[in-house]
Amino acid sequence: GFAGCYDFLYMPRDYKTQAGLGFAFVNLVRHEVGERMCKHLSGFRRWAIPSAKSCVVGWSGPEQQGLHANVERYRNSSVMHESVPEECKP
């Protein structure tokens with residue numbers, strides 16, 4: 001699996017329904033783990049709720065890679081406002 005292989009995860013959700021918006025940001029701690037995750041998740045279609053959608057994996061540019069860059073990206077974001085439930089924050 002990928003337990004312990006990432007240091008940042010943000011899966012945006014609808015604040016009212018808690019439903020995922022269909023994408024996520026994950027910072028993996030090693031490049032080779034990212035390659036492995038990409039191969040594992042690309043084309044994934046065995047969703048808990050039946051859907052015709054398949055997973056597409058992409059890489060962020062270098063300015064958005066790493067724990068520090070991700071923390072800085074969201075530090076002053078509206079998603080960090082006190083009115084946003086903690087479970088919906090990065």
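Glu86 is exposed, at 60% relative accessibility; exposed denotes over 50% relative accessible area, buried under 20%, and partly exposed the range in between, with a 1.4 Å probe and protein chains only. The model is predicted, so local features need pLDDT of at least 70 and side-chain atom pairs count only at pLDDT 80 or more, while totals for chains, interfaces and linings use all residues. Residues are numbered from 1 along each chain as its sequence is written, and side-chain values use heavy atoms, leaving out hydrogens and water.

**Salt bridges**

The structure holds three salt bridges, each defined as a side-chain nitrogen of Lys or Arg within 4 Å of a carboxyl oxygen of Asp or Glu.

| Salt bridge | N to O distance | Source of N | Source of O |
|---|---|---|---|
| Arg30–Glu32 | 2.7 Å | Arg30 | Glu32 |
| Arg75–Glu72 | 2.7 Å | Arg75 | Glu72 |
| Lys89–Glu86 | 2.9 Å | Lys89 | Glu86 |

Arg30 is partly exposed at 44% relative accessibility, and Glu32 is partly exposed at 44%. Arg75 and Glu72 lie three residues apart in helix α2 and are therefore separated by about one helical turn. Arg75 has a relative accessible area of 47%, and Glu72 one of 38%.

**The surroundings of Lys89**

Lys89, in the segment after α2 (67-75), is buried, with a relative accessible area of 14%. A polar atom of the Lys89 side chain lies 3.5 Å from the backbone oxygen of His81. Leaving aside residues up to four places away in sequence, Lys89 is in contact (heavy atoms within 4.5 Å) with Tyr10, Val79, Met80, His81, Glu82 and Val84.

**Helix α1**

Helices are DSSP runs of H or I with at least four residues, strands are runs of E with at least two, and both are numbered from the N terminus. Helix α1 spans residues 31-41, where Val33, Gly34, Met37 and Cys38 are buried. These buried residues line one face of the helix, because they fall within an arc of 140 degrees when seen down the axis of α1; the arc is taken from the directions from the helix axis to the C-beta atoms. They pack against β2 (25-28). The face of α1 turned away from the buried side carries the exposed residues Lys39 and His40. Gly43, which follows α1, has a positive phi, near 85 degrees.

**Cysteines**

The structure holds zero disulfides, a disulfide being a pair of cysteine sulfur atoms within 2.5 Å. The sulfur of Cys55 is in no disulfide, and the nearest cysteine sulfur, that of Cys38, is 8.7 Å away. For Cys5, the closest cysteine sulfur is in Cys38 at 15 Å, too far for a bond. Cys5 is buried at 12% relative accessibility, whereas Cys55 is partly exposed at 21%.

Notes:
Polar contact = N/O pair within 3.5 Å; in protein donor to acceptor, adjacent residues only side chain to side chain.
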